[in-house]
Amino acid sequence: MLTGGRWTATIGAVTYLLLGESDVLSEAVGAALRATGRAVCQLRSPLHSAQRFSWRLGEAGVSSELQLPDGTPLTSTEIEGVLIRPSEWLATEGWAGSELAYAQAEAQATMLAWLWSLDCAVVNRYPAQLWYQPQPSLLHWRPALYAAGVPVVEGLISNDVSAARDFGPQGAVYTPLTDTRAYRIGDAAGWAEVARLQQHLPVALSPLHATAHLACVVGDTVIWQQQPAEVAHLEAALRRFASAVGLACLTVAFADSEAGATAIAVTSHAQFDAFGTAAQEQIVEALVKALGA
């Protein structure tokens, strides 16, 4: 097992898997789990880090076994919980372009199916559409946000140049329909670029805004980086939203408006670095609880 940065063999122990690139959050969760006496293993992915990954599907059920880099076997029944962090699930070295795309798709499909076969707590056990596009635009989340009662920033999707300028006379925020990056539009050059894009496809605009509040939802817990005034209403709505989209952990950014706090972005994992120390400690505590520890 990987403990304190070193591998030690612990055969037959119940283990928590931290999957993905090692980052500040996974290290903090790993340290918290070890402090309670749990065994913890950090893997980039079973398909990337394990020496052997076997997965059996049959009439008797589903079982799997990993052989870790130190040779230690780890069966699916020994996995108590899994935390998924953003990662490339397959080593990219040595692949040709077209072959890499195919291999990555196969690796993603395998990881998706394997994680859904595990009989333990998994944070986040992504639905299929998020596995292949883990960070869709706000437009993707808007119906579920509305249905859950989470206020969403108003917007315009149009290829009409005049409508776009009328929507943002003092400026606007342009967000690609297939991306989460946002671009502030306020000068003639910016509007000229928007008009150029509108010749080919509709563009999505929202009013100028700045992130004022961040909420990290972990299970039933909502952790804030600067609470808004309407916190009780928003927390109930955020719990409904997380449940509806099938995510045990996500982050929602809000901006202040005349109508109150409105959602401007959704991230399908914890944006740990964007929170202060006190909030980070709460996030780690909530994740450890969500993992069943």
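Tryptophan 224 is buried, as is phenylalanine 254, where buried stands for under 20% relative accessible area, exposed for over 50% and partly exposed for values in between (1.4 Å probe, protein chains only). The model is predicted, and local features need pLDDT of at least 70, side-chain atom pairs count only at pLDDT 80 or more, and totals for chains, interfaces and linings use all residues. Residues are numbered from 1 along each chain as its sequence is written, and side-chain values use heavy atoms, with hydrogens and water left out.

A search of the whole structure finds four aromatic pairs (rings of Phe, Tyr and Trp, the last by its six-membered ring, with centres within 6.5 Å; planes under 30 degrees apart are stacked, over 60 edge-to-face and the rest tilted). In one of them, the ring centres of phenylalanine 53 and tryptophan 114 lie 5.5 Å apart with the planes at 85 degrees, so the pair is edge-to-face. Phenylalanine 53 belongs to strand 5 (residues 52-58) and tryptophan 114 to helix 3 (residues 97-117), so this pair ties together parts that are 61 residues apart in sequence. Helices (H or I, at least four residues) and strands (E, at least two) are DSSP runs, numbered from the N terminus. Phenylalanine 53 is partly exposed because its relative accessibility is 21%, whereas tryptophan 114, at 0%, counts as buried. The rings of tryptophan 224 and phenylalanine 254 have centres 5.8 Å apart and planes at 40 degrees, so that pair is tilted. It links distant parts of the chain, with tryptophan 224 in strand 15 (residues 221-225) and phenylalanine 254 in strand 16 (residues 249-257), 30 residues apart.

Which residues of helix 5 are buried? In this helix (residues 138-148), they are Leu138, Trp141, Arg142, Leu145 and Ala148. These residues cover an arc of only 140 degrees around the axis, which puts them on the same side of helix 5; the arc is taken from the directions from the helix axis to the C-beta atoms. Pro143 and Ala147, on the other side of helix 5, are exposed. The buried residues of the helix pack against helix 4 (128-132), helix 8 (231-245) and strand 17 (260-267).

On a 1 Å grid over the protein atoms alone, a pocket is an open set of points with protein on both sides within 12 Å along at least five of seven lines, a cavity is a set where a 1.4 Å probe fits but cannot get out, and lining residues have an atom within 4 Å of a point. The largest pocket has a volume of about 520 Å³, a volume being the space filled by probe spheres set on the points, which are joined across faces, edges and corners. Of its 28 lining residues, Leu138, Thr175, Thr180, Ile264 and Ala265 lie nearest the centre. Strand 17 gives the largest share of the lining, four residues.

The structure holds one cavity of 30 Å³ or more, and the largest cavity has a volume of about 60 Å³. Its lining includes Leu25, Arg85, Tyr126, Cys249 and His269.

Valine 173 lies in strand 11 and, at 3% relative accessibility, counts as buried. Beyond its neighbours within four places in sequence, valine 173 is in contact (heavy atoms within 4.5 Å) with residues including Ala182, Tyr183, Leu205 and His209.
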